[in-house]
Amino acid sequence: MSSEARLREQICAMARSIFERGLTGGSSGNISVRTEDGGLLVTPTGSSMGSLDPARLSRFDASGRLIGGDEPTKEMPLHAAFYETRSTAGAVVHLHSCHSVALSLLPDTDPDNMLPPLTAYGVMKLGKVVMLPYFMPGDPAMGDAIRGLAGKRSAVMLAHHGPVVAGKDLESAVYAIEELEETAKLALLTRGLNPKRLTDAQIRGLVTRFNVEWD
Ligand SMILES: [Zn+2]
């Protein structure tokens, strides 16, 4: 099997796993991954993450031209903005995951650092998660808001919508967005119970040891 054929299979398998665990429903959520030739494979518009066809993924060449497959997700501007501003990005994943969205609706959620520092992996895998304001789906201004972060953040949360996470490859982007959703779930479960957070010194230790994008 060619490396692109393997990548297509991997995208569909990871998307199905995400769907089956209820991390995004219906035809929501989308994935893009860099190909070896500098192009992109992208999940098509209107498709369910639970039943993607490897042969019908949208295929872009290195100049950004659609050269095969179905029409890509309407949320392409989100993906493009990450690739433009983060040279290390090899994949971008976006979900409509329940607990992350719930946390984005609460009045005391900090837009500069949306997740409370509750676990080591939440800090290590995501760094600070910036919360962006509400945009109409497909609004190119969403891309501009991500460009405004100048590549300094790998994970953003679109308020009233869902998270978007970039990683060096598909696996790391998926694992990071799962960590985001799990941390949001912990934040909601412990809300009002005065949970202990990691201390500043513990956070600083992780940031230094694992080169976390925090400052
Ligand atoms: Zn969306």
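**Exercise 1. Work out whether Cys-98 counts as buried or exposed in this predicted model.**

Solution. Start with the value: Cys-98 has 54% relative accessibility. The cut-off for exposed is over 50%, so Cys-98 counts as exposed. Now try Cys-12: it comes in at 3%. Buried means under 20%, so Cys-12 counts as buried. As for cysteine pairs, a disulfide needs two sulfur atoms within 2.5 Å, and a search of the whole structure turns up zero disulfides.

**Exercise 2. Find which strands stand at the edges of the eight-stranded sheet.**

Solution. Write down the strand order: β4-β3-β2-β1-β5-β8-β7-β6, an open sheet with mixed pairing. Now look at the ends: β4 (66-68) and β6 (130-132) each have a single partner strand, so one side of each lacks a neighbour in the sheet. On average, neighbouring strands here are turned by 20° against each other, ignoring direction.

Next, zoom in on one pair. β2 (residues 40-42) and β3 (residues 58-60) run antiparallel, joined by three bridges. Within that pair, Leu-40 of β2 has Phe-60 of β3 opposite.

**Exercise 3. Track down what sits over the ring of Tyr-83.**

Solution. Aromatic pairs first: the structure has zero of them. Turn to charges, and you'll find the charged end of Arg-34 over the Tyr-83 ring, 4.7 Å from its centre. Phe-210 has an arginine too: Arg-209 lies over its face, at 4.8 Å from the ring centre.

Technical notes. Residues numbered from 1 in each chain as written. Predicted model: local features only at pLDDT ≥ 70, side-chain atom pairs only at ≥ 80, totals over all residues. Heavy atoms only, no water. Pairing = 2+ DSSP bridges. Helix = DSSP H or I, 4+ residues; strand = E, 2+ residues; numbered from the N terminus. Axes fitted to C-alpha atoms, helices over the stretch in contact; angles between N-to-C directions. Phe/Tyr/Trp six-rings, centres within 6.5 Å; stacked < 30°, edge-to-face > 60°. Lys NZ or Arg CZ within 6 Å of the ring centre and 35° of its normal. Buried < 20%, exposed > 50% of the residue type's maximum accessible area, 1.4 Å probe, protein only.
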